[in-house]
Amino acid sequence: MATSSDVRRTLPSVDQILNWPIIHELTELHGRTLTKQIISDELSRLRINSDPCDPNQFVEHVQQQLHALLAPSLRKVFNLTGTVLHTNLGRAPLPEEAISAMCDVARGASNLEFDLAKGKRGDRDSHVEDWLCRLTGAEAATVVNNNAAAVLLTLNTLAKGKDVLVSRGELVEIGGAFRVPDIMRRAQAKLLEVGTTNRTHLRDYVEAISPRTGLLMTIHASNYAIQGFTASVPEVQIAQAAHEQGLPYAIDLGSGSLIDMRHWGLPYEPTPMDSIASGADLITFSGDKLLGGPQAGIIVGKRALIDQLKKNPLKRALRCDKLTLAALEAVLKLYAQPEKLAERLPSLRWLSRPQHDIRQQVNRLLPLFQAWAGDIAQISTIDVMGQIGSGSLPVERLPSSAIALQPTSGKRGANKQLQRLQNALMKLPVPVIGRLHDGRLLLDLRCLDEEQLLIDQLQTRPFA
């Protein structure tokens, strides 16, 4: 009877395995260094377990390990959660024009910071600044890597070591337990709360202004809502109070939209144009939410203040790369034809998609999901309320339709069956992400564009 040491002595060497024809093919495909490392790891596993080497199984394990290691970590998924601008799923999908622009500049050198007209060093903001000014009516603009960075840069530039007056009801917490007061501290500005959680009056701002005040600020309630006995101060009055004391007034819109969403049957969302008309000196907002572009923090406003922001050393640390600027420029150009925007901007198309259209798609796919799930789940259609998401119009809901998967097992095994269904969908080549609600797995089809791709993978990989 062979002992463990006998089994280990019979294992082939790494060099021997590298000479196997099928392994040679793997080294040609994936490189000798990486393949050799995987072979060594697999041999170590066999030695530890005192397992013999079956060539076929060994090659299969090596192939599996290479495939798992080289598979991209950041992957395309189907967002069937019902939340259109989902932070965890990448927020706004980019239009084809933006993707093409990114690919063009990614393939080689570009005039990122080179002025072709003057033949000398240029400003990377120039690729988007003119379009931002054209669309918002602002004097100047600059861009950083996200809206939190835009707020950080604004505070550090205009209110470092000074007080920033903010209504207490506007001290929001954004995703990942990241709070506005935390940003203020990092910006070395001192938060001075005015008013109360639910009611703030103009006199609260006026009485709080002192020689230590650097900035008055409004933070738009983009991810929450206070209802009931409330009072807030119109932006135009805060701007007037600030300017009477020679102070700047900034507004953080959070999500930010460059269009009146009501034209597409959606709730109203304040725009930078509204804030400029109210007298705000600087406005910050996101590029990857309602705007429908790449992740970016956009700042528009008075040229003198924008120039100060650009001179701050933090601006270099927070600046955008060439891919972001290329994508943002392409998206901004789409706004020159607002009548065609819903056709070309995926996020707006999804947001404005009528419920009856989604219902029709649900009915088409219902038999397919029933065949996929077999007898483990009862499949039905259900009208649901989706969400715009990611700090955009927090209390508004989107009438939608979904496929509901409900386990056929009793209560004791229902949760386990739900988890099995969810895991099976997430293991598909293009993972399907839904949401669990009231003992069912709901697949809201509002954001489903590539219907045939979903059909193909459900048919080729039925639930087991």
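Two strands pair if DSSP finds at least two bridges between them. Strands (E, at least two residues) and helices (H or I, at least four) are DSSP runs, numbered from the N terminus. This is a predicted model: local features need pLDDT of at least 70, side-chain atom pairs count only at pLDDT 80 or more, and totals for chains, interfaces and linings use all residues. Residues are numbered from 1 along each chain as its sequence is written, and side-chain values use heavy atoms, without hydrogens and water.

**View B. Strand 4 beside strand 12 (residues 297-301).** The two pair in the antiparallel sense over five bridges. Threonine 142 stands opposite isoleucine 299 in strand 12.

**View C. Arginine 316 in helix 14 (residues 313-318)**. Valine 144 is 172 residues away in sequence, yet 8.8 Å away in space, C-alpha to C-alpha.

**View D. Helix 18 (residues 355-373) against helix 20 (residues 451-460).** Their axes (lines fitted to C-alpha atoms over the stretch in contact) lie 10 Å apart, at an angle of about 15°. Helix 18 is therefore roughly parallel to helix 20 (angles under 35 degrees). In contact (heavy atoms within 4.5 Å), residues including Leu365 and Trp372 of helix 18 meet residues including Leu454 and Leu458 of helix 20.

Key:
Axes are lines fitted to C-alpha atoms, for helices over the stretch in contact, and angles run from 0 to 180 degrees between N-to-C directions. Angles under 35 degrees count as roughly parallel, over 145 as roughly antiparallel, 65 to 115 as roughly perpendicular and the rest as oblique.
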